Amino acid sequence: MQIGGLASGLDTQQIIRDLMQAERQPLNRIYQNQQIVEWQRDAYRDVNLDLRSFRESFADLRLQGTYLAHSVHSSDESVISGTAHPTSTAGTFSVKVEQLAEVAQTHSAEAVTVLDENGEPTNTYATRSTTVEEVLGEGAEGTFTIATQGGKATIEIEADDTLESVARKLANATNEDGESLGLRANFDDTTGRFFISTQETGEENWFEFSIHDDEGNVIDNANAALVEDLILKDNAHTLDHSFKGQDAIIYYAQGIEDDPVANGIEVTSSTNDIRINNMDLHLHNVSDDVQRMNVQADSDEVFDTITGFVDAYNELIDDLRGMVDEPRYRDYPPLTDEQREAMSEREIEMWEERAQSGMLRNDNILNSFLTNMRMALSNPVDGIPADQMNSLSQIGITTTSDYWEGGKLEIDEDRLREAISQNPDEVMQLFTRRATDEEEANNDNVSGFEGLGHRLYDQLNSTISRLGERAGMPGVPDGADQSTLGRNLHRISDEISRFEDRMQRTEERYWQQFTALERAMQQYNNQAMWMMENLFGGGQGMM
Amino acid sequence: MNKTKTTTVNQANNGDVAAGYVHELHQLTRSLLHTLHELKPNMDHNEADDVAAVERVVQHRQDVIRKLDPIVREQSLHWEDSEQQALQEIAEWEKQIQPLFERLFQSFSAQIGRLRRGRQMANYYHGGNTPAYTDGAFIDRKG
């Protein structure tokens, strides 16, 4: 503990505090500088995230598939529906749904009932919480084997197992490698029955409660009665209970064909979703009627994609424009802790709103992105034949005439729809064209030959990369951040450490000087008094 | 307090010892004066040991005084001419030492004052040109 002020009457501790407070002012400025750089870095990273998100959303603009959207219409959606892909072929197809794919399944033939107190059968339905003992009598327990396409398992049944737990043992059964047998099982209270099935459809999926050899002979039927009396309730005692799934069967013919069974192709599938000719068919019901499937170009989807892009682009431009134009209030530096303590929450909020304003004002990366995007979208695509559309304006999309809108786009929807429906290939080319090898070899500015989707993508990539170099990538730990601002922050951090060390040493030096002088003065004053009394004696006595 | 100028044979030995202390005090006081002169008014220009040196000299003086005190209290001493001379010089130096101590503290205080003004300047940097607060509303001082 440091105590001063004995001789001088000064509050030395307070003096040192004040002294150090004043010494700390440059440190506060360094901290403020650090805070501003952090705010800038965060602002850059936010923009980086926005641009990445925008790039992901509209990366497909440069892909031909985006402009080859198709839709499928079925004559009876309750029997069959379809989903088209960009590579689907427009046209009409005829389909007869002969059979749906099914799981292998069974259920108890009769309701499972409980015994009375004398062990006699009753007509009372068992429930999920009924125990095996309540159904089969005291001491009923044992094991049985179940096999599926996934292997076999031995199920152990205890007398106090509930019917729900029996169902669970079936559903959770695994083979010797611990892999699921692929079953579903549950006990239904309403009907008093077990329901058991495979998880997947198709005839390759099956299950059985006894094990056969290749010739169909039962070779393992231990405790088969347990299965029959408790689960299947068929009283057949055949010891041979096998259940098999089935494949879907359809007959498919191109064009309008009234008898695809005779004149089409038979297609079987283990599921009810079948991909034929780059089109997904979804089977819902069998029907004697032949279904017509009509595949056609979906200009609405292309229209929605392009207008969606324009809306998002305008929003992005608005946001970026706002950032580069946002005023910077240099009179509102980041608050020190001392200043915060003297302000209300509301005041702090208002102050910091201004302090953080304009972090990216006139930023060269954003400004150049805005300029480049404007040029990329307004310049025609070179290399497209003169009689074909080669600019956005030709499909009804123009740059707003208001300069201050910063290159936002405006859509003439009628013109855009017309372009998409009448010249879909040209619209596709406008966005997706790639420079040829010859164009790349003979031109410095290859970008001029690239479709708008590629220009957009390239600009975004380049800007995202520049933002990363300036402020680091979102999610990168500070220690690993080698960006310009990241290195700047490292430097400031080092500066703060050095300053703190220097402050520490200065404080110690001040303390040493003050306290030594204090003690010396204290002692000297006492000595002076003593000398006055004992040696000088007012001067005349001793001399 | 006046000292009687009488002495005895036994007292003569004590007088010699006391005379030695007076001369030692004379040396130390001169050294204190010199050390204080060496001390810089600006703390930043002093090494920590510079002030400690002052403290050490003062402490040595204290040691001498502690030994001299019982002698001068118990008997009246007659100082020879050389001691008289030394005491006169000590008295003269004391007149210089006191203001030196005071000046040092004044300069330290002035230094603190400058630093305080520095802090005010720093506050100006922080917000001197910025709006004042009035219950959530900003009133711009500029313009």
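User: Which residues of helix α11 of chain A are buried?

Analyst: This is a predicted model. In helix α11 of chain A, which spans residues 424-432, the buried residues are A:Glu426, A:Val427, A:Met428, A:Leu430, A:Phe431 and A:Thr432. A residue is called buried when its relative accessible area is under 20%.

User: What covers the buried residues of α11(A)?

Analyst: The cover includes three helices of chain A, namely α6 (299-325), α10 (413-422) and α13 (452-471). Across chain A, buried residues account for 45% of the 543 residues.

User: Why is A:Asn362 called exposed?

Analyst: Its relative accessible area is 52%, and the term exposed requires a value over 50%. A:Asn362 is therefore classed as exposed. This residue is found in the loop between α8 (345-355) and α9 (364-378) of chain A.

User: Why is A:Asn277 called partly exposed?

Analyst: The relative accessible area of A:Asn277 is 33%. Buried would require a value under 20%, and exposed a value over 50%. The value for A:Asn277 lies in between, so the residue is called partly exposed. Its place is in the loop between β17 (273-276) and β18 (279-283) of chain A.

User: What makes the phi of A:Asn277 worth noting?

Analyst: Phi of A:Asn277 is near 55 degrees, which is a positive value in a residue other than glycine. Most residues other than glycine have a negative phi. For A:Asn362, phi is likewise positive and near 55 degrees.

User: What makes β2 and β17 of chain A edge strands?

Analyst: The open sheet has 3 strands in the order β2-β18-β17 of chain A, with antiparallel pairing. β2 (80-84) and β17 each have a single partner strand, so one side of each is left without a neighbour in the sheet. From one strand to the next, the twist averages 25 degrees.

User: How many helices and strands does chain A have?

Analyst: Chain A has 14 helices and 21 strands.

Technical notes: Residues are numbered from 1 along each chain as its sequence is written. Chains are lettered from A and ligands numbered from 1 in the order in which they are written. This is a predicted model: local features need pLDDT of at least 70, side-chain atom pairs count only at pLDDT 80 or more; totals for chains, interfaces and linings use all residues. Side-chain values use heavy atoms; hydrogens and water are left out. Helices (H or I, at least four residues) and strands (E, at least two) are DSSP runs, numbered from the N terminus. Buried means under 20% relative accessible area, exposed over 50%, partly exposed in between (1.4 Å probe, protein chains only). Two strands pair if DSSP finds at least two bridges between them. Axes are lines fitted to C-alpha atoms, for helices over the stretch in contact, and angles run from 0 to 180 degrees between N-to-C directions. Contact means heavy atoms within 4.5 Å.
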